[in-house]
Amino acid sequence: MRITNSMMVSSYLTDLNASLNRVSDLQSQVNTSKRISTLSDDPVATAQSLIVRSNLSTLSIYQSNIDTAQSALTTAETSVDSLNDIIQSAYEIAVDANDGTLTQDDLDTFATQIANLRDEVLSIANTTQGTNYIFGGYNVTGTETTTSSNTPPFTVDEDTGLLMYNGLPMYPDAAYTYGVTTVAAAGTAAQEASETISTATTDEDILAGLEDSSAAATAAAEAATKALNAADSLGLSGSNYDALVDAIDAATAAATDATDAVSTSDTTNATTLAAASEDAITAITTALSNLQSEVTTAADANALLLEEEADKTVSVQIGTSQSVDITYAGTEILGTGEDNIYYILDTLYNDLTAGNTDSIASSVTALQSAQSDVLTTETEIGGTINRLDLLDERYTSSELNYTEMKSDVEDADLAEAITNLTMAMTVYEAALAAGSNIIQNSLVDYLN
Amino acid sequence: MASTFLGLEIGKSGLTAASVNLNITGHNISNVDTAGYTRQRVSTSALEPSGMNYVISQINSSSTGQGVEITGIQQIRSDYLDLQYRNQNSEYTYGEYTVQGLTYLESVMNELEDSGTLSEAISDFFTSLNTLAGDTTSQEYRMAVQQKALALTESFNDVYEQLQSLWSDQNTAINTVATEINSKLESIAELNGAIADYESSGETANDLRDERNLLLDELSGLVDITYSDNSSNSSMVDVQIAGISVVSGEETNLIVIDQDATTEEYSLSIDSTELTADNVSGALGAHFNLRDNDTAVDSGIPYYINQLNELAAAIAEDFNTLNQTGYTYPTDSADSELGGDFFETSDGTSTITAGNITLAADIVDSVYNIAASDADLDTSTTESGNAVIASQMAALLDSEGYDSTLTAIATQLGVTVESAETALDNDQSLLESIDTQRTSVSGVSIDEETTNLIKYQQAYNACARVVTTIDEMLDKLINGTGQVGL
């Protein structure tokens with residue numbers, strides 16, 4: 001084939017350019033220590049790299065959520081543990097108080113202790129993580145009302161004395177039933193008092209009977225008031241409600257009359273007064289019974305609302321389709337109805353102050369079962385924390401794997417790149433040297 | 001009998017031929033670097049004995065030729081190789097400009113960079129959403145979502161604008177290339193006229209033809225052409241683009257360039273047939289394809305713009321739907337109410353694109369307008385931490401896979417560029433090989449020309465010697481005979 005100078009020059013330039021291209025690519029690899037720097041360098045590797053980056057980013061989201069969750073759960077665990085301690089102390093006190101030989105003063109001392117424990121339960125229920133309540137379900141900031149700037153999830157209603165959770169009474173039915181039961185006991189006491197009076201021989205016996213009658217009426221009135229409070233917390237009103245109010249007033253009046261007679265040692269109307277007490281208590285019992293169905297209906301509706309509250313917890317994503325709660329619903333922590341811890345302690349307090357030693361045994365049983373519930377909850381929380389720890393470890397090792405994969409795909413082996421670069425430079429220089437020799441000569445140089 | 005001065009004539013013809021040869025050799029050597037130059041050769045033939053002499057020579061059996069005559073100066077060029085070169089050149093420049101345009105595109109959408117990519121913006125946005133789902137009452141978390149959402153829309157806007165700018169560059173290039181084509185077509189027509197005039201005298205217009213061939217080469221780079229000798233005058237060349245005649249003899253039928261007033265898009269037509277990527281190749285075809293092709297095959301800029309627009313629209317729609325089912329967070333000045341749009345258009349149009357997507361003005365004004373809860377917080381006052389909608393928003397990344405969509409777009413672009421680069425390498429090798437063959441046929445070799453110099457110089461010397469010899473002979477005859485005793 002015929003070769004001309006321009007052919008040689010142009011093919012020389014083409015080859016030099018190709019060589020220089022290679023040098024440039026390798027140099028860029030060495031400078032950035034990345035094997036792929038544009039999408040077209042290796043599209044398959046690019047796709048892999050982008051997928052890995054996306055996975056790493058998702059992992060980091062999950063890891064950060066796990067941190068948040070662990071922090072919240074640790075606080076929760078500590079709180080539930082304190083709750084357990086409180087129940088344990090209350091249990092011991094209840095067992096001591098269940099001794100039939102104690103005086104009212106002893107019982108009052110116990111009552112004060114129980115009251116303190118009960119108030120602490122309220123305080124623990126309103127535990128915060130930073131500024132957010134962790135046992136309020138969705139209620140993390142508390143609510144603003146006309147009377148206060150921040151109402152926590154758990155409050156004790158000033159009028160009714162019941163524990164409210166996010167505005168819902170936690171144990172209205174149990175409180176009402178307690179009232180009914182106590183009134184029944186008071187009724188029995190009043191009957192006995194009347195009999196004492198009718199069979200009494202001395203004035204002292206009559207006065208003692210009158211005192212008992214008065215005490216029974218007072219106890220009935222107080223118990224009925226508690227039931228009334230429960231009905232109040234459910235927002236009830238109407239004729240049956242009003243009848244109960246009247247019956248309580250009548251019982252209070254009867255108690256006052258009897259107490260007056262005792263203080264003036266007037267035994268003349270003892271039978272009438274005792275009968276009045278009995279009647280008043282009967283009226284209360286009737287009123288309570290009439291109101292019962294309304295209370296039950298309202299309490300059932302309330303229970304449904306409380307169940308709905310139980311589902312309202314804040315959760316964070318810790319895996320694909322895996323989430324963990326970072327707040328708890330108060331109904332799960334404290335229980336509802338007669339299992340409610342605050343209710344148990346409050347009932348115990350009432351029994352102790354009123355001297356209802358018969359009911360203390362049932363408080364002991366209730367405390368036992370409450371403790372077992374709380375321990376279960378504590379174990380669950382502990383279990384979740386462990387699960388999160390394991391998940392975190394797995395994610396950390398996944399992260400390592402992905403980072404390695406990313407590096408395999410993207411990064412240049414520096415030693416290899418530098419070696420190749422050196423080789424390419426050598427080739428380039430050799431081409432330069434050879435070319436400069438060949439291209440210069442032509443026949444013209446040899447003519448004289 | 002031969003004429004007295006025939007010998008001188010023969011010598012003279014030899015001298016002329018040798019000097020013409022030397023001139024042509026000199027012409028070749030001085031044009032060794034000229035682009036498109038074809039080496040020239042003098043064609044000579046022996047001059048036959050003249051007619052009368054021939055009759056006499058039949059009687060005398062002593063006819064002699066009359067020396068050498070120059071029949072012409074021809075170019076050594078292969079038309080076939082020219083055709084091959086021009087076809088391949090169109091392919092090559094198509095590939096060259098395609099790769100160039102795609103490389104810019106690739107750098108705009110380079111998702112491989114460590115920071116500043118669209119993937120990163122999406123990932124940061126969803127990280128902020130996940131954090132928000134853990135505590136929707138926190139103003140800091142809400143602000144983070146607002147900022148990351150803004151960053152996301154700005155990323156989209158930015159990429160869109162860069163793509164639009166690339167589009168605009170390709171559009172301008174179409175105009176530039178078309179104008180250049182027209183200018184070359186006019187030059188070819190002019191040369192046609194000049195060559196026809198020159199060659200009407202029977203000679204070949206070598207240098208003018210070289211010029212025209214060079215123009216044809218350059219033209220083939222701009223757009224693929226077909227050409228043929230003019231049917232009435234073979235000195236002229238007719239040129240066709242997309243099968244339509246654009247040069248016919250000295251007449252031109254130039255490309256008409258129109259520009260749409262609103263979109264500023266250029267459209268080209270010849271004889272009301274529109275030129276598109278389907279009927280032209282070369283640089284023009286490449287620019288058309290990059291500017292207009294919105295399909296997934298040989299995708300151009302509009303395809304990627306559409307993909308981005310779809311992604312932006314999908315994200316906007318999903319978020320708007322969710323935000324509208326959720327409730328805002330109540331503040332001192334605003335109640336909790338159903339949320340509005342999360343993303344909206346910045347230019348008042350109804351369709352969301354990557355260019356006009358922006359964070360809704362409500363959310364820009366107040367981060368509490370991010371409707372994170374699924375209950376009215378004024379009536380459900382105990383649900384301040386309700387984050388149902390926020391959790392659903394955070395889960396969109398897994399369920400809708402926006403990052404995978406982006407990866408798919410980037411990968412497709414990478415594959416397109418890579419295959420275009422490979423095709424270009426192949427085209428380039430092929431073109432170079434054809435060019436090498438062409439140069440092999442028509443290029444000037446200094447060694448060869450120098451040898452010819454020596455050859456023709458010797459020929460000239462020899463002919464000069466012939467003339468001198470005949471001169472001496474004649475001198476003897478004229479001045480030396482009949483001078484007896486003088």
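I began with burial in chain A, where 44% of the 448 residues count as buried; by the cut-offs I used, buried means under 20% relative accessible area, exposed means over 50%, and partly exposed lies in between, with a 1.4 Å probe and protein chains only. I note that this is a predicted model, in which local features need pLDDT of at least 70 and side-chain atom pairs count only at pLDDT 80 or more, while totals for chains, interfaces and linings use all residues. Residues are numbered from 1 along each chain as its sequence is written, chains are lettered from A and ligands numbered from 1 in the order in which they are written, and side-chain values use heavy atoms, with hydrogens and water left out.

For chain A I listed 11 helices and 7 strands, taking helices as DSSP runs of H or I with at least four residues and strands as runs of E with at least two, numbered from the N terminus. The C-alpha trace of chain A spans about 170 × 45 × 30 Å along its principal axes.

Chain B holds 12 helices and 11 strands. Its radius of gyration of 39 Å is well over the 23 Å that the globule rule gives for 486 residues, so chain B is more spread out than a compact globule. I found its C-alpha atoms in a box of roughly 155 × 45 × 30 Å along the principal axes, and 47% of the 486 residues in chain B are buried.

I checked helix α7 of chain A, residues 270-311, whose 42 residues should span 62 Å at 1.5 Å a residue, and its end C-alpha atoms are 58 Å apart, which agrees; the expected span is 1.5 Å times one less than the number of residues. The helix α7(A) bends by about 40° at A:Gln292, the bend being the angle between axes fitted to the seven residues ending there and the seven starting there.

In helix α2 (residues 43-97) of chain A I looked up A:Ser57, which counts as buried at 15% relative accessibility. From A:Ser57 to A:Gln113 I noted a separation of 56 residues in sequence and 54 Å in space, C-alpha to C-alpha.

Which residues form the nonpolar patch on the surface? I listed A:Met1, A:Ile3, A:Met8, A:Val9, A:Leu13, A:Ile438 and A:Ile439, with about 640 Å² of accessible area together. The elements that give two or more residues to this patch are α1 (5-32) and α11 (414-440) of chain A, and the largest share, 3 residues, comes from α1(A). A:Ile3 sits in the segment before α1 of chain A and is partly exposed, with a relative accessible area of 45%.

I counted a salt bridge where a side-chain nitrogen of Lys or Arg lies within 4 Å of a carboxyl oxygen of Asp or Glu, and the structure holds 24 of them over all chains. One of them joins B:Glu448 to B:Arg39, with the closest N and O atoms 3.5 Å apart. Because B:Glu448 lies in helix α12 (residues 446-480) and B:Arg39 in the loop between α1 (6-30) and β1 (40-46) of chain B, this pair ties together parts that are 409 residues apart in sequence. B:Glu448 also meets B:Arg41 in a salt bridge at 3.3 Å, N to O, and since B:Arg41 is in strand β1 of chain B, that pair ties together parts 407 residues apart in sequence. I noted that B:Glu448 is partly exposed at 26% relative accessibility, while B:Arg39 is buried at 9% and B:Arg41 is buried at 17%.

I also looked up B:Glu265, which forms a salt bridge with B:Arg291 at 3.7 Å between the closest N and O atoms. B:Glu265 is in the loop between β7 (256-259) and β8 (266-270) and B:Arg291 in helix α7 (residues 282-292) of chain B, so the pair ties together parts that are 26 residues apart in sequence. B:Glu265 is partly exposed at 31% relative accessibility, whereas B:Arg291 is buried at 3%. Finally, I recorded one network in which salt bridges that share partners join B:Arg77, B:Asp82, B:Arg86, B:Asp210, B:Asp217, B:Asp435 and B:Arg438.

Conventions. Patch = residues over 30% accessible without salt bridge, like charges linked within 9 Å, V, L, I, M, F, W, Y side chains within 5 Å. Areas by Shrake-Rupley, 256 points an atom, 1.4 Å probe, with all protein chains shown as cover. Rg over C-alpha atoms; globule rule 2.2 N^0.38 Å.
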